[in-house]
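Hello,

Here is the structure I promised to pass on. Please open it first; my notes follow below.

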Amino acid sequence: MAAKNYARQRQTPLSEVMRSLLVRYVAECARENAQASPDLLQQRPHQYVDLARLQRLLSGLD
């Protein structure tokens, strides 16, 4: 509901608001992975998100 209200107030499509929220969430997870992985794991897990690669992909969407 919060995203729907935000989209309505900004006159932005809800899909764009949700995409932005998801991108920020994934980027935050990637930052946490980048900080924790070298200290905790010798080998990156399969679900590891490479922050630099993610940022390159996202820059192409704008």
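This is a predicted model: local features need pLDDT of at least 70, side-chain atom pairs count only at pLDDT 80 or more; totals for chains, interfaces and linings use all residues.

First, the overall layout. The protein has three helices and zero strands. From the N terminus, the order is α-α-α. The protein has 62 residues, and buried ones make up 16% of them. Its accessible surface is about 5,400 Å². Carbon and sulfur atoms account for 53% of that surface.

Now back to A3. It sits in helix α1, which covers residues 2-10. Is A3 buried or exposed? A3 counts as buried, because its relative accessibility is 18% and the cut-off for buried is under 20%.

M18 lies in helix α2, residues 14-40. A3 and M18 are 15 residues apart along the chain. Their C-alpha atoms are separated by 7.0 Å. M18 has 43% relative accessibility, so it counts as partly exposed.

Together with L14 and L21, M18 makes a nonpolar surface patch of about 250 Å².

Next, the core. Which residues make up the largest nonpolar core? There are five: A27, A30, L51, L54 and L58. Helices α2 and α3 (51-59) each supply at least two residues of this core. The most comes from α3, with three residues.

Then a closer look at α3. Its buried residues are L51, L54 and L58. Why do they count as being on the same side of α3? They are on the same side because they cover an arc of only 60° around the axis. An α-helix has 3.6 residues a turn, so residues three or four places apart point the same way.

The other face of α3 is worth a look too. Turned away from the buried side, that face carries the exposed residues R53, R56, L57 and S59.

Best wishes

Conventions
Residues are numbered from 1 along each chain as its sequence is written. Side-chain values use heavy atoms; hydrogens and water are left out. Helices (H or I, at least four residues) and strands (E, at least two) are DSSP runs, numbered from the N terminus. Buried means under 20% relative accessible area, exposed over 50%, partly exposed in between (1.4 Å probe, protein chains only). Patches are made of residues with over 30% relative accessible area and no salt bridge: like charges are joined within 9 Å, nonpolar side chains (Val, Leu, Ile, Met, Phe, Trp, Tyr) within 5 Å. Accessible areas come from the Shrake-Rupley method with a 1.4 Å probe; for residues, only the protein chains shown count as cover. A salt bridge is a side-chain nitrogen of Lys or Arg within 4 Å of a carboxyl oxygen of Asp or Glu. A nonpolar core is a set of buried Ala, Val, Leu, Ile, Met, Phe, Trp, Tyr and Cys residues joined through side-chain atoms within 4.5 Å. The arc is that of the directions from the helix axis to the C-beta atoms.
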